[in-house]
Amino acid sequence: MPSIEALDAEAEAILRGNDRGGYTVPTDGLYPYQWNWDSMFAAWGFAAFDIERAWDEIDSLFSGQWPNGMVPHILFHRPDPSYFPGPDVWGTDGMGPIASSGISQPPVAASFAKKVFDQNPKVGRARLPALLPKMKAWHRWFLEARAHDGAICITHPWESGRDNAPDWDGAMAAIDPEGVGSYERRDLTHVDAAMRPTKADYDRYIWLVQRGRRLGWDESALAENRPFMVADPTMTFTLLRSNRDLAELADMLGEDRSEIDAWTQALEHGAATLWNESLGSYDSRDAVSGEWSGAISNASFLCWWAGIDKPAMLQQLDRICTAAPFAVASYDPGGPKFDAKRYWRGPVWGMINSLIGIGLEDCGHIDAANRLCETTRGLIEKSGFAEYFDPIDGSPAGGSRFTWTAAIWLGWASPNARRI
Ligand code: DGY
C-alpha cells in the first residue's frame with residue numbers, strides 16, 4: 001500500500017497533470033473539457049497547495065456564464081474529437097461567451113469558494129468581490145428556471161451529475177426517443193461498457209439535447225410540455241448549502257444578504273418536499289407525473305451537507321454501510337436496481353462521500369463523519385484515485401487519475417488535509 005505522503009504527492013500531481021491552463025479536466029481522455037462541479041472540487045484541491053490557482057479555477061468556470069445567469073455543465077474551451085456529444089451537437093452558438101452545453105450542474109461553487117476563502121482570507125478578499133454577483137446570478141437562475149415548490153429540478157439526467165441513477169428511470173421510460181438518429185459514443189473507447197450508461201439511456205440523453213437545440217435553449221420554450229423534469233436531492237441540497245455559504249460570503253464583504261436569505265427559506269421548504277414518508281428517506285420526485293422514484297441514493301444523504309439533520313437518515317446510512325462496506329453506495333444495495341459497477345447505480349463516489357462526511361460533522365455526528373472519512377481514505381489507499389469504486393469489494397471503476405478523487409484526498413480524506 002502506498003504511504004500517505006506518496007498519495008499526497010500523487011494527488012497533487014494528478015491536479016497538475018489535469019490542469020489545461022486555468023481550468024482542469026476531470027480526467028485525460030474520457031472527459032477532455034471543463035465540467036462544472038468537477039472543477040469546483042478541483043479548486044478545493046488546489047487550495048491545499050496553490051491558492052491563486054484555486055481562484056483561477058473558479059474564475060474560469062464563471063467565464064462561461066450565460067447572460068441569463070446559467071453556468072453550463074461543460075465548457076468546451078478547445079475542440080477535442082475524443083468526446084461525444086461535443087459543441088456541434090449541443091448547438092449553443094452565441095448563447096454564452098464560450099462554447100458550452102445548454103444545461104447546468106449541481107451548484108457547489110459558492111460552497112467551495114467559501115472553503116478556498118477560509119484557506120487564505122487575505123487572498124480571498126481580493127478575489128471574491130468579482131465572483132460574488134456571478135454566483136448570486138446563478139442561484140437566482142436556479143430559483144427562476146428550475147424550482148418546483150422550492151425543490152430544484154433537473155431537466156436532463158446530466159444536469160444532476162448522477163447521469164444514470166435509478167432516480168430517473170420512471171421519467172426516462174416515459175420518453176420515446178423517436179428520430180434520435182445514429183451517433184457514435186466515445187465514452188466506450190475509454191471505459192468498459194458494463195461501467196457506463198446503456199444505449200437506451202444515451203438515446204434519451206441525446207434526444208433531450210436535440211430538443212433543447214431545436215428550441216434554441218430558450219427556457220420559456222423549453223418549459224412548455226417538458227418531457228423530463230425531476231425534483232432532485234442533489235440539486236436541492238447542494239443549492240441550499242451553497243446558498244447558506246453565499247450568504248456568509250456576502251456578510252464577509254459587507255453586502256446585503258436579504259435576497260439570498262429569502263432563497264434559503266424557499267429551498268428549506270423545497271428540501272422538505274423531498275421527504276418520501278413511505279420510503280423513510282429523501283427521494284427524487286417526477287415533477288411531471290408526481291411519482292416518487294423510490295430510490296435511496298447517496299444524494300439522499302446530502303441532507304446534512306445542506307444543514308438538515310434527520311435522525312431516520314442516520315439509520316438508513318448505517319444499514320447501507322453495512323450492506324456494502326466500501327460505503328456510500330450510490331444506490332441502496334438492497335434495492336432491485338443495484339449494480340455494483342454501473343456508474344450511479346451502485347458504485348461509491350468519493351466526492352459525494354466528502355460532502356456527506358462534512359455534512360455529518362457539521363451536524364455534530366462526529367463518529368459517523370470520521371468513519372466515512374476513514375472508509376474513503378481506505379478506498380483510495382487500496383484502489384487509487386479512480387473515478388468511482390465498487391462498494392462491495394472496493395475495486396476501482398470508470399476513469400483513472402481522477403481530478404475530484406485527488407481533490408477530496410487533499411481537502412478531506414488525507415490525514416494531512418487541513419479540512420477547512
Ligand atoms: C458524460 O459524458 O458521461 C457526462 O457525465 C455528461 O456530463
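**Cysteines and a helix pair**

Modeller: Keep in mind that this is a predicted model. Cys373 is buried, because its relative accessible area is 2% and buried means under 20%.

Biologist: Is Cys153 buried or exposed?

Modeller: Cys153 is buried, with a relative accessible area of 0%. Cys153 is in no disulfide either, as the sulfur of Cys303, the nearest cysteine sulfur, is 19 Å away.

Biologist: How many disulfides does the count come to?

Modeller: With that cut-off applied, the count of disulfides is zero.

Biologist: Switching to helices now, at what angle do H6 and H11 pack?

Modeller: Helix H6, which spans residues 121-145, packs against helix H11, residues 233-252, at an angle of about 140°, and their axes are 10 Å apart. That angle makes H6 oblique to H11, and H6 passes H11 in a left-handed crossing.

Biologist: Which residues make that contact?

Modeller: From H6 the contact uses Arg125, Leu128, Leu132, Met135, Lys136, His139, Phe142 and Leu143, while H11 contributes Met235, Leu239, Ser242, Asn243, Leu246, Leu249, Ala250 and Met252.

Biologist: And how do the residues of the contact of H6 with H11 divide into nonpolar, polar and charged?

Modeller: In the contact of H6 with H11, 11 residues are nonpolar, three are polar and two are charged.

Terms used:
Residues numbered from 1 in each chain as written. Predicted model: local features only at pLDDT ≥ 70, side-chain atom pairs only at ≥ 80, totals over all residues. Heavy atoms only, no water. Axes fitted to C-alpha atoms, helices over the stretch in contact; angles between N-to-C directions. Helix = DSSP H or I, 4+ residues; strand = E, 2+ residues; numbered from the N terminus. Parallel < 35°, antiparallel > 145°, perpendicular 65-115°, else oblique. Left-handed = near helix turned anticlockwise from the far one by under 90°. Contact = heavy atoms within 4.5 Å. Nonpolar A, V, L, I, M, F, W, Y, C, P; charged D, E, K, R; others polar. Disulfide = S-S within 2.5 Å. Buried < 20%, exposed > 50% of the residue type's maximum accessible area, 1.4 Å probe, protein only.
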